[in-house]
Amino acid sequence: MQESSPQTFSRVLSSMCTEPHPAAREAAEQFLATNPGDPATYETVADLERRVIDGLGELARLTTPAGYVTSGGTEANLQAIRLARNRAETRTPNVVVPASAHFSFTKAADVLGVDLRVAPLDEYRVDLDAVAELLDEDTVAVVGVAGTTEYGRVDPIPALGDLLADDGTDALLHVDAAWGGFALPFTDRDWDFRDAPVDTMTIDPHKLGRAVVPAGGLLAREESLLANLAVETPYLESTSQVALTGTRSGAGVASAAAALEALWPDGYREQYATTQATAEWLADRLMTRGYDTVPPELPIVAADLNGAVAPLRERGWRLARTEHGEAQVVVGPHVTRERLQALLADLEAVA
Ligand code: 0PR
């Protein structure tokens, strides 16, 4: 039989996933055969899932958080849009998203028959005037991104909330913090989610949360919102289900609970401080070497490496690319200065 093992993380700079925390790894293995989709049978993992939702809610500063552990950000975003669509009365629903929104919203719109209205950006953040113009009585949700996939930027979430209130529409405010959610509590912004009427949120333990894949998170401000997702489950002991998938990963749930237990809040604070300092250090080095670089506000660095991505790939480096062709380094906890020093040396060699 052929042995196969995954590649190491040492030259992976493109991934929002990272080395799981050792406690998360161990918990995952213990819960491999459990199914949180059947909570009356698998009560322990169901308890752990409630702990995860409470933990994510605390992180996001929602006071009465509800939700569940999804297969990832894609499912969480899709379900948030489904919830908003089901809740609204309109037969011609639309959703307003920033141009920076992850492509999972394109999938969600396609599956759900919702019209996607894309608002342009202003300096990497959504242009509020454009959002205001796109909104109408058929808008079921407005999306803000807190930690964009390409540049790690945070949309003006409280201002989006104000805009919805002023407009008098009944649309929900969904925040996609799939990647940024575990860093945001520690940044020195002048607001947090308590200042904004956030209805639903995506926040993924399998990205910066250090859980194993798959563990995404869908949060709702309160339980009653989730009723918009419920379907009856006649032959389960539990009578209804809000998740999109049926059987779900108990390993993901247990690992997310273990990671939160081990790292919230001090471990995540330290992780943010280290990765952000490393991202700034890398951006500084790249700028000094003359590369056009977008300064990191969260630990993602985008820079125009003048075509070096392909030759770097031959040396084993995995970098992502932005739509504008910049190379992108997602500075997860496995991306250390030593590794980036090796990257810089290789960059010099191939330039
Ligand atoms: N929301 C945001 C803001 C994201 O960045 C992502 C994933 C998602 C939702 C979807 O999450 P799941 O993948 O868990 O469903 N972000 C990128 C992705 O598409 C990350 C990425 C970027 C991966 C560059 C690879 C890469 O080369 O997976």
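Two strands are taken to pair if DSSP finds at least two bridges between them, and helices (H or I, at least four residues) and strands (E, at least two) are DSSP runs numbered from the N terminus. The structure is a predicted model, in which local features need pLDDT of at least 70 and side-chain atom pairs count only at pLDDT 80 or more, whereas totals for chains, interfaces and linings use all residues. Residues are numbered from 1 along each chain as its sequence is written, and side-chain values use heavy atoms, with hydrogens and water left out.

By these criteria, strand 7 (residues 172-176) and strand 8 (residues 200-202) pair in the parallel sense over three bridges, with threonine 202 of strand 8 as the bridge partner of aspartate 176. Both strands belong to an open sheet of seven strands in the order 1-9-8-7-6-2-3, with mixed pairing. Strand 1 (66-70) and strand 3 (115-119) stand at the edges, each with a single partner strand, so one side of each lacks a neighbour in the sheet. On average, neighbouring strands of this sheet are turned by 20° against each other, direction ignored.

Helix 2 (residues 43-60) packs on the sheet, touching strand 1, strand 8 and strand 9 (216-220), where contact means heavy atoms within 4.5 Å. The direction of helix 2 makes about 110° with that of strand 1; axes are lines fitted to C-alpha atoms, for helices over the stretch in contact, and angles run from 0 to 180 degrees between N-to-C directions. Helix 3 (residues 73-87) lies across several strands, including strand 2 (94-98) and strand 6 (139-145), and runs at about 180° to strand 7.
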